[in-house]
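Good morning, colleagues. Please look at the model on the screen, and I will then comment on its metal site and its backbone.

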Amino acid sequence: MKILLKNALILRDVRSEPEISDVLVKDGRIAAMGNLKGLIADEVYDMSGRLVMPGFVNAHTHAAMTLMRGLAEDLRLREWLTEKIFPIEEKLTEEDVYYGTMLAQLEMARRGVVAYADMYFHCDAVARAALDFGMKVLITRGLVDLDSDKGRLRQNIEYYERWNDRDGLIKVGFGPHAPYSCSTSYIDEIARVALDLEAPVMIHLYETAEEKYELRDLLETSLKYCKVLFAHCVHVKDEDIRLLAQENFFVVHNPTSNLKLGSGIAPVQKFLAAGVQVCLGTDGAASNNSLDVWHEMRLASLLQKLYDPRNISAEQALCMTIEQGAKAVGLTEGRIQVGADADLIVVDIDRPWYVPRSQIKNHIVHAGSSSDVFATMIKGRWVYYDGEYPTVDAEHVYKKCEEAIRRLTGTTS
Ligand code: NI
């Protein structure tokens with residue numbers, strides 16, 4: 001299968017400047033770039049007036065929480081969790097998680113996301129939803145040991161055995177929920193399993209000011225040697241920031257969720273200054289309430305400009321959202337180059353806010369929005385194209401989600 005995108009303005013990677021080029025996609029990968037006049041393909045698309053760029057990566061979310069979007073507003077994290085979220089999550093079935101995840105993928109694809117990192121449960125459903133839709137996902141099973149439920153780690157290992165590397169779309173990692181819900185010894189046990197399988201770990205870290213534990217203690221476990229995605233990191237002590245500056249560590253900044261739950265603003269500029277690798281996530285739709293990484297990118301830049309307008313250039317913001325996100329999640333290259341999977345988005349730049357064209361990267365971060373996404377391709381397959389979802393029946397997904405929400409909340413209308 002050969003797909004030819006003609007006459008597009010191409011942003012090959014976040015560090016280069018856009019240029020006019022054709023792109024040939026063959027069997028899921030970028031096969032050629034440049035002037036490909038006269039080349040025959042199965043499908044040809046004229047992309048004049050459009051920008052083709054690497055897709056965004058949502059490096060921390062709980063996809064199926066789309067089912068709880070808008071149900072738990074104006075609360076602090078603890079009340080949000082215990083009063084609203086946990087009672088509903090107790091009732092979630094495998095099928096609910098499948099459709100909730102599918103709903104999340106519909107939204108993410110439409111907003112230009114090609115890969116995401118998930119932490120949830122009923123992970124077979126997450127895997128099936130990703131394969132059915134054609135989206136890339138790093139799956140982690142949320143693990144806690146407050147209830148001594150060690151069976152969940154076994155379950156996470158089984159998910160790894162069943163789904164890791166499936167169709168080039170799925171990686172499975174491990175999801176110790178947080179240092180306040182997992183003991184240090186349990187985190188060490190999980191980390192040793194992850195190291196053995198060369199699988200990444202995702203963990204919430206210092207989301208709120210109430211969390212009392214020592215990062216040093218955590219890094220005395222085997223976690224120090226794992227590839228780790230630390231979500232939030234709002235309240236990392238200044239003297240501890242350098243501990244996160246390791247090649248195998250990533251901080252996932254979730255600015256909207258942190259603001260909406262009143263958790264605070266992560267010291268992103270300090271992280272960057274210390275050499276910490278920072279990428280972006282939305283967190284779940286119950287605390288965001290959208291899965292719009294494009295929006296997070298702009299917010300991340302603006303929040304740091306509050307302290308100094310020289311903080312977080314457009315290129316740095318794009319780097320967090322695409323390049324670092326790709327490195328953290330590990331399923332996509334974060335660049336359009338020959339040999340890489342064709343994970344790309346098409347942005348309609350035939351709009352007033354993309355003029356002048358000479359400053360396109362600044363416009364993407366500070367003037368554009370995810371509603372400018374015209375199409376999203378993952379591994380050479382369109383998963384969103386001009387209002388349509390070629391791989392799934394979106395109406396059916398909406399209907400199943402509405403049914404699930406009515407059952408979960410006990411409403412009949
Ligand atoms: Ni989270």
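**The metal site and the backbone**

Histidine 62 has a relative accessibility of 8% and therefore counts as buried, where buried means under 20% relative accessible area, exposed over 50% and partly exposed in between, with a 1.4 Å probe and protein chains only. This is a predicted model, in which local features need pLDDT of at least 70 and side-chain atom pairs count only at pLDDT 80 or more, while totals for chains, interfaces and linings use all residues. Residues are numbered from 1 along each chain as its sequence is written, and side-chain values use heavy atoms, with hydrogens and water left out.

Which residues coordinate the nickel ion? They are His60 (NE2), His62 (NE2), His204 (NE2) and Asp283 (OD), at 2.1 to 2.3 Å. Donors are N, O and S atoms within 2.8 Å of the metal (3.2 Å for Na, K and Ca); water is not among the atoms, so sites may look incomplete.

In sequence, the spacing of these donor residues is H-x1-H-x141-H-x78-D. Histidine 62, in the loop between β6 (56-61) and α1 (77-89), and histidine 204, in strand β10 (residues 201-205), are 142 residues apart and link distant parts of the chain. Helices (H or I, at least four residues) and strands (E, at least two) are DSSP runs, numbered from the N terminus. Histidine 204 is buried as well, at 4% relative accessibility.

Aspartate 283 belongs to the loop between β13 and α9. With a relative accessible area of 5%, aspartate 283 is buried, and its phi is positive, near 65°.

Finally, the peptide bond from asparagine 288 to asparagine 289 is cis, with omega near 10°.
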